[in-house]
Amino acid sequence: MTKLHEPGVRTLIKWATCYLKSKKIDSPRLTAELIAEKIIGRKRVWFYIGSEISVDKKKASLFKREIRRRARGVPLAYITGEQQFMGYKFFIPPGVYIPRADTEVVVEKCIEILNRIANHHSPIVIDLGTGSGSIAVSIAKKIKNAFVYAIDISSLAIKVAKYNAKSNKVQKRIEFLLGDLFLPLEFKNLENRVDLIVSNPPYIERKQMRFLPPEVKKEPDFALNGGKEGLNFYKRIIPESLKWLKKGGNLVLEIGYNQADKVKKIVETKKNLFTPVQIINDLNGNPRVVVTSKK
Ligand SMILES: C[S@@+](CC[C@H](N)C(=O)[O-])C[C@H]1O[C@@H](n2cnc3c(N)ncnc32)[C@H](O)[C@@H]1O
């Protein structure tokens, strides 16, 4: 019930929808409802069942503030603090890369490969640049006997990924390591033993960084910037993966929409050591995943 002088949630959502629409924000109503859910602490279905829910002044002004932040280009995930990925909930604070739907194609390929292996033995997986842990956690959820080593150079990402592994109840099957790509794996005795290496590395060309949409610019530079041609990480990961993969072990890499040929060429510099490259498209029909395996 609305109290005198206190706005109702439906009124606030109506105002926010118009405001976000005028600022050309995608899905304005859904955005307003998700921010309201977070601040009011009730599932949005309750906003429309029964009589109007009143919102005290403090919460109403907090709601308006968050709506304005969204209008200024702060990503929704950084406001609500969460993002769904592969049907699981991930905590995502500012400073950590927000998992994208396109990366689900990468995970689905990993699951397909690992399902075959998991019938024979417990697969060992490496996730390079784990960020929020989205790929590592999803693999551990789907492949019940997999063990994942998940690495990131950002200590905040590692803290957040550990939290996400715990909240999704897979913390016992993921070891999180802080450091530069394969470096933290030294002394883990994993050489020639790994079934699958997966990575969604930073791959944006340095000169494109300043043309990114304002929302994306709010994400950390070190999670996006792939150097001069956007290929720095592939040039390191592809040759270094040979040390860790077992014979027949798979390498699954997310790539930018225009990088398939360039990344394929990097694999082909080690032609005798890798099987021919397979390219998989995302849901928009753009090349998104490079798959190869160690001969
Ligand atoms: C594009 S994000 C991908 C995050 C996550 N895997 C996902 O798909 O949602 C790239 C990640 O690589 C990490 N990273 C950047 N440089 C790295 C390095 N040298 N070694 C390990 N991780 C690195 C960043 O901190 C960031 O979390």
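**Ligand site.** I looked up what surrounds the ligand in this predicted model. I found 19 residues around the ligand. The closest are Gly-129, Ser-134, Asp-152, Asp-180 and Asn-200. I then sorted the shell by class. It has nine nonpolar, eight polar and two charged residues.

Which side chain has an N or O atom 2.6 Å from an oxygen atom of the ligand? I found that it belongs to Asp-152. Next I checked backbone atoms. A polar backbone atom of Thr-130 is 3.4 Å from a nitrogen atom of the ligand. For Gly-179, a backbone N or O atom lies 3.5 Å from a ligand nitrogen. I also looked up how much of the ligand is covered. Taken alone, the ligand exposes 600 Å². The protein buries 96% of that area.

**Helix H2.** I turned to helix H2, residues 28-40.

**Buried side of the notes.** I listed the buried residues of H2. They are Pro-28, Thr-31, Ala-32, Glu-33, Ile-35, Ala-36, Glu-37, Ile-39 and Ile-40. I recalled a general rule here. An α-helix has 3.6 residues a turn, so residues three or four places apart point the same way. What covers the buried residues of H2? The cover includes helices H1 (9-22), H3 (45-48), H4 (57-71) and H5 (76-80).

Conventions. Residues numbered from 1 in each chain as written. Predicted model: local features only at pLDDT ≥ 70, side-chain atom pairs only at ≥ 80, totals over all residues. Heavy atoms only, no water. Near = heavy atom within 4 Å. Polar contact = N/O pair within 3.5 Å; in protein donor to acceptor, adjacent residues only side chain to side chain. Areas by Shrake-Rupley, 256 points an atom, 1.4 Å probe, with all protein chains shown as cover. Nonpolar A, V, L, I, M, F, W, Y, C, P; charged D, E, K, R; others polar. Helix = DSSP H or I, 4+ residues; strand = E, 2+ residues; numbered from the N terminus. Expected span 1.5 Å × (residues − 1). Buried < 20%, exposed > 50% of the residue type's maximum accessible area, 1.4 Å probe, protein only. Contact = heavy atoms within 4.5 Å.
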